[in-house]
Amino acid sequence: MIIDTHAHIDMLDNPKRAIEEAFEAGVKKIIIPGVEPETFEKVLTLACKYENVYAQMGVHPSEAQKFNDDVAKKIMELSKDKKVVAIGEIGLDYYWDKTFVDVQKKVFKTQIEIANILNLPVVIHDREAHGDTFEILEQMGAKSVLMHCFSGSKEFAKRCIEKGWFIALGGVVTFKNAKKVREVAKEIPLEYIMLETDTPYLTPHPYRGEENAPKYINFVAKEIANLKDTSVSLVEKITTQNALKFFNIKENDDESTV
C-alpha cells in the first residue's frame with residue numbers, strides 16, 4: 001500500500017486513466033492539491049467522484065495575486081467537504097518572481113489562519129524561501145505541516161522535523177545529481193517522510209522527461225529504500241502510516257463511489 005500525497009491529476013488529459021493505472025500499480029490513495037481559484041471545483045469534483053482520491057484547497061504562491069476575500073470564503077466553504085483533507089499547496093516561491101513577495105507572505109498567512117480555523121493540516125510550497133517560510137509557519141502557529149517537494153538541505157530538514165513537521169519526497173530523489181534531496185532522504189527518519197509524485201511534473205528516473213503520473217511513485221519508494229539500505233515494503237508501510245495520520249483519512253475508505 002502506498003499513498004501519493006501530491007498529484008495534480010486535474011492537469012492531466014485523462015485523470016480517470018491515471019487513477020486506474022495508479023491503483024493497478026499498488027497506489028492506494030491519491031491527494032490532489034489546489035493551485036488556483038479557477039480549478040478548485042474541478043479538483044474537488046475529481047476527489048468526490050473517485051474512491052480513495054482526496055483534495056486540498058489552496059492558492060499557490062505564484063498565483064497569490066488572485067487571492068481576495070471571496071477566494072478565502074470559497075476555500076472555507078469548499079473545505080467543509082469531507083474529501084478536503086488539507087489546505088494546500090500554499091507557501092512562498094522566490095524562484096520565479098520576487099516582485100510581489102509581500103503579497104505572497106500576506107496570502108500565505110491568511111491561508112494558515114484558515115487551516116487553523118478549520119483544524120486542517122497545511123501542505124507547503126517552499127522554493128528558495130526557506131527562512132521566511134519557516135518563520136511564518138512558526139509565527140502563525142501552524143501545527144500539522146508537510147513540506148511538499150522538499151528542496152532544502154539536510155540541516156533545514158532537521159529543523160523542520162524538530163518542529164514535528166513532515167518532509168515530502170518525489171521523483172527528484174531519483175536524480176543522481178540531486179545531492180541535497182538524496183542526503184535528506186538518507187538522513188531523515190522514515191517517521192517524518194511522505195511520498196509524492198507532483199504529477200505531471202518531476203517524473204522519476206528512468207522516465208524523466210516524460211509526463212509524470214501517480215503510477216510512477218514506486219520508483220520514489222525504491223530509491224528511498226536504496227538510500228536508506230532498507231526494504232521497499234518498510235518505506236511504503238511507514239510513509240503510508242504517516243500520510244493516513246497526517247491527513248486524518250482511514251485506511252479503508254468505502255464511503256465514496258467510483
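## Close-up views of a predicted model

**View 1. Helix α4 and its buried residues.** Val101, Gln104, Val107, Phe108, Gln111, Ile112, Ile114 and Ala115 of α4 are buried, where buried means under 20% relative accessible area, exposed over 50% and partly exposed in between, with a 1.4 Å probe and protein chains only. Seen down the axis of α4, these buried residues fall within an arc of 155°, so they line one face of the helix; the arc is that of the directions from the helix axis to the C-beta atoms. Asp102, Lys106 and Ile117, on the other side of α4, are exposed.

Before we go on, a word about the model: it is predicted, so local features need pLDDT of at least 70 and side-chain atom pairs count only at pLDDT 80 or more, while totals for chains, interfaces and linings use all residues. Residues are numbered from 1 along each chain as its sequence is written, and side-chain values use heavy atoms, leaving out hydrogens and water.

**View 2. The surroundings of α4.** The buried residues of α4 pack against α3 (69-78), β4 (84-93), β5 (122-127) and α5 (130-139); contact means heavy atoms within 4.5 Å. Helices (H or I, at least four residues) and strands (E, at least two) are DSSP runs, numbered from the N terminus. Just after α4 comes Asn119, with a positive phi of about 60°.

**View 3. Where α7 meets α8.** The axes of α7 (residues 179-187) and α8 (residues 217-228) come within 8 Å and cross at roughly 70°. Axes here are lines fitted to C-alpha atoms, for helices over the stretch in contact, with angles from 0 to 180 degrees between N-to-C directions. The two helices, α7 and α8, are therefore roughly perpendicular to each other, a term for angles of 65 to 115 degrees. Arg182, Ala185, Lys186 and Glu187 of α7 make the contact with Glu223, Ile224, Leu227 and Lys228 of α8.

**View 4. Two cis peptide bonds.** Most peptide bonds are trans. Gly88 and Glu89, however, are joined by a cis peptide bond with omega about 0°, and Glu89 is found in strand β4. Another cis peptide bond, with omega about 15°, joins His205 and Pro206; look for Pro206 in the loop between β8 (193-195) and α8.

View 5. Cys149, in the loop between β6 (145-148) and α6 (154-162), has a positive phi near 45°. At 24% relative accessibility, Cys149 counts as partly exposed. Asp229 has a positive phi of about 55°, and at 73% relative accessibility it counts as exposed.

Methods. Parallel < 35°, antiparallel > 145°, perpendicular 65-115°, else oblique.
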